[in-house]
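Reader: I would like to learn how to read salt bridges. Please walk me through them.

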Amino acid sequence: AAAAAGFVAESTPFEFAVLEALLMALADLLRSQVTDVAEDGRAALDDVQEGLTAGRDYFKRIWRLKKRVGELQSTTRAVQRTLEEVQGQDNMLALMYQSAMKEDPVGYARRVKDGTGNTERAEVLLDTYALEFEDLACAMELLSKQIDDSELLARSVLDSSLHRLMVTRALFVVATLFQSCATLISGLGGMNLHGGQEQNMVGPYGVTVQPGTDGGDPTIIPNGPSGVWISWVAGSSGAAIFCFLLTVAWMRAKNLLAG
């Protein structure tokens, strides 16, 4: 009779014990999943902060984490909304008092119809776990922001590495271009071209003079490269190095070498 008077019993009714056990099990399950995902998310963020390589595998890992976080966040928000919807409907709260319904069906039906039953126990139970699921959802939202920050940091590291690679490639191309010009000039100096210096065989290694046969002119054989050719090689190589350094200075002045 006491239970039927206002849907309230002295001890916890069986239906509320079962409901609380179910909500507690669901909350523990979601909490353990949230903890696991949070640990994975912090590990991913630490990997980037410690300077580890952010490659394709890392972004796959981030994608899987974001998917898990989204699923958990949707689940917790759905449970929270369901509990809040039930709290706002007195008839649904009254239907939870199965013990009171069994003890006094007539009085129970009258109070449900009139809306005069005391549903405080059900409201408190649902409100407690609604807050619990809201906390889990907020934790998922915070973790989602942290994962987004981790992904943004990884992309920044990747962009910086790509920029350094492009700068290195540009410098290599410039150096190759200038060195090719120097090689071309040196090659022209070593060819048998008529430029007025082809008979100038004096060089750092001297020459060997062989007497001519039958009273002819002696033959001069250089012992190494001529001084003219060496000056061509040194001059063109020096010019190539100077142009390369000048290009690097210009790129630095234009802030093109900044990482």
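Reader: Which side chain meets Arg68 in a salt bridge?

Author: Keep in mind that this model is predicted. For a salt bridge, look for a side-chain nitrogen of Lys or Arg within 4 Å of a carboxyl oxygen of Asp or Glu. Here Arg68 pairs with Asp40, at 3.1 Å from N to O. The two link distant parts of the chain. Arg68 sits in helix α3 (residues 56-87) and Asp40 in helix α2, 28 residues apart.

Reader: How many salt bridges does the structure hold?

Author: Five.

Reader: Which residues are linked in a network of salt bridges?

Author: Asp28, Arg31 and Glu132. Take the pairs in turn. Arg31 meets Asp28 at 2.7 Å, N to O. Both lie in helix α2 (residues 14-49), three residues apart, so about one helical turn separates them. Arg31 also meets Glu132, at 2.2 Å, N to O. Glu132 belongs to helix α7 (residues 120-190) and Arg31 to helix α2, so this pair ties together parts 101 residues apart in sequence.

Terms used: Residues are numbered from 1 along each chain as its sequence is written. This is a predicted model: local features need pLDDT of at least 70, side-chain atom pairs count only at pLDDT 80 or more; totals for chains, interfaces and linings use all residues. Side-chain values use heavy atoms; hydrogens and water are left out. Helices (H or I, at least four residues) and strands (E, at least two) are DSSP runs, numbered from the N terminus.
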